[in-house]
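Have the picture open while you read.

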Amino acid sequence: MPKPKVFVTRLIPDVGLELIRADCDIDVWPERLPPSPEILRERVHNCDGLVSLLTDKIDAALLTAAPRLRVVSNFAVGFNNVDVAAATERNIPVGNTPGVLTEATADIAVTLLLAAARRLCESSTDAKEGRWLTWEPRGWLGADLVGRTIGIVGMGRIGHAVAKRLHFGWGMKVLYTARNLKPEIDMELNAQSVSFETLLAESDFVSVHADLNATTNGMFGSRQFAQMKPTAVFVNTARGPHVDQVALAQALRTGTIFAAGIDVTDPEPLPADHELYQLPNCVIAPHIASATPDTRNAMATLCAANLLAGVRGERLPHCVNPTVYSSGSSD
Ligand code: DGY
């Protein structure tokens, strides 16, 4: 019997490629930049399985152009690059990689929070560029952390991991918003579920961990930044489109908020001449939250497990559209 044909849109870690290669006829896009939509459509046309990245747009047109496709395995926990409704309509399960990148992502959220609060990048640039004149009693003053309040927008796995670090490490009070109540987290961290408005008004640090969807797209605009404290630090490790970047730049420029640390932008990469790069109180990382070898290997292993289950017609270990299994045609 011929092996299932699979297209992988980038060089993911070997551990994942080897698992797929053992059972499939695998075509891997070898370039550093993603395949164009035309090339993607052409390569996936005859495939049974697809491994995609957050930089690949998997829309209805692409799925229609791949009549044999039985699974889309996204190498990410987020899946806003995939038209899940279109996949579900075609009974194609979509896999993601939850859990394995929680700790690495929480580490970067806290890193950005600290760097922005203590003006690390700004002062380091000043030092490298000759503006470190002496030890200045009033120079480079940042924000204190101990005993302050962290507002977690989206208390899922990553939000929880960030809240734990800040509560147990710096004694922070934890406020959060979430789709459901989290009584175990309330108990563990003495945390409080509050309205979005209350969180914005009362938090010293606001960290975004919500899924990107129609409701959360653009949830941070001028009005929300104006509701935050002028001393607040804003952190985003979720997705760029949560934020109106013009409003963020204005809030940072005018002192509406104190600083921001962001690992995600819209678009990615952010163009080199974007205003956010010019603002000393904005720390920008190039979407590196999951970038550790252990995390990326675990993502590759999970991604391969989803892919292999899909091409075999088995249930995906992590499926974002499980309703494909209730229709009776894919399981
Ligand atoms: C994800 O997995 O969604 C991250 O943004 C990249 O690791």
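The points below go from the ligand site to the sheet and then to some backbone details.

1. First, some ground rules. This is a predicted model, where local features need pLDDT of at least 70, side-chain atom pairs count only at pLDDT 80 or more, and totals for chains, interfaces and linings use all residues. Residues are numbered from 1 along each chain as its sequence is written, and side-chain values use heavy atoms, with hydrogens and water left out.

2. Start with the ligand. Around it sit Leu54, Ala76, Val77, Gly78, Leu101, Arg239, His287, Ser290 and Met299 (a residue is near if one of its heavy atoms lies within 4 Å). That shell splits into 5 nonpolar, 3 polar and 1 charged; here Ala, Val, Leu, Ile, Met, Phe, Trp, Tyr, Cys and Pro count as nonpolar, Asp, Glu, Lys and Arg as charged, and the others, Gly among them, as polar.

3. Now look at the ligand's oxygen atoms. A side-chain N or O atom of Ser290 is 2.6 Å from one oxygen atom of the ligand. For Arg239, a polar side-chain atom lies 2.7 Å from a ligand oxygen, and for Gly78 a backbone N or O atom lies 2.9 Å from a ligand oxygen. On its own the ligand has 230 Å² of accessible area, and the protein covers 90% of that (Shrake-Rupley method, 1.4 Å probe).

4. Next, find the open sheet: 7 strands, in the order 8-7-6-9-10-11-12, with parallel pairing. Strands are DSSP runs of E, at least two residues, and helices are runs of H or I, at least four, numbered from the N terminus; two strands pair if DSSP finds at least two bridges between them. Strand 8 (192-193) and strand 12 (282-284) are the edges, each pairing on one side only.

5. Zoom in on strand 10 (233-236) and strand 11 (259-262), which pair in the parallel sense over 4 bridges. Val233 has Ala259 in strand 11 as its bridge partner. Helix 11 (245-254) packs on the sheet and touches strands 10, 11 and 12 (contact means heavy atoms within 4.5 Å).

6. Finally, the backbone. Most residues other than glycine have a negative phi, and most peptide bonds are trans. Which bonds are cis? One joins Asp266 and Pro267, with omega about 5 degrees, and another joins Glu268 and Pro269, with omega about -5 degrees. Pro267 lies in the loop between strand 11 and helix 12 (275-278), and Pro269 is found in the loop between strand 11 and helix 12. Trp140 has a positive phi of about 50 degrees.

How values were computed. A polar contact is a pair of N or O atoms within 3.5 Å; within protein, one must be able to donate a hydrogen and the other to accept it, and residues adjacent in sequence count only if both atoms are side-chain atoms. Axes are lines fitted to C-alpha atoms, for helices over the stretch in contact, and angles run from 0 to 180 degrees between N-to-C directions.
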